[in-house]
Amino acid sequence: MPRHRRTKPERPKPPPSGVLDWSSSRHWKRKALPCRYQCGGLPTHLRDSNGSPAHKVCAELALDQQIREYAEAYENERLQLT
Ligand SMILES: [Zn+2]
């Protein structure tokens, strides 16, 4: 009996505006600090969901990467069970 190949499930893409509500005051602080991500550490007033200094683009990119890695890990583990 031929073995069926599983097709990779299609994941929904995150909204272009990002997943965080950047209009919330919790994402803005008076003091500009260097961004925690690899953009050159340019100062920013913005804070990510953990309260760490991060540009909106940098934080959303990191979240997208994390979500992708979690989803891939889950899919790989789940596929090994069958
Ligand atoms: Zn940055």
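Two strands count as paired if DSSP finds at least two bridges between them. Helices (H or I, at least four residues) and strands (E, at least two) are DSSP runs, numbered from the N terminus. We're working on a predicted model: local features need pLDDT of at least 70, side-chain atom pairs count only at pLDDT 80 or more, and totals for chains, interfaces and linings use all residues. Residues are numbered from 1 along each chain as its sequence is written.

**Exercise 1.** Work out in which order the elements of the protein chain run, and how β1 and β2 are joined.

*Solution.* Start with the inventory: one helix and two strands. From the N terminus, the order is β-β-α. Now look at β1 (residues 28-34) and β2: they run antiparallel, with three bridges joining them. For one partner, take W28, which bridges to L46 in β2.

**Exercise 2.** Sort the side chains of β2 by the face they point to.

*Solution.* Recall the general rule: in a regular strand, side chains alternate between the two faces of the sheet. Then go through residues 43-46: T44 and L46 point to one face and are buried (20 or more other C-beta atoms within 10 Å of their own, C-beta atoms being placed from the backbone).

**Exercise 3.** Is H45 partly exposed or buried, and what does H45 touch?

*Solution.* Next, contacts (C-beta atoms within 7 Å): leaving out residues up to four places away in sequence, H45 touches W28, K29 and A32.

Terms used: Buried ≥ 20, exposed ≤ 12 C-beta atoms within 10 Å, placed from the backbone. Contact = placed C-beta atoms within 7 Å.
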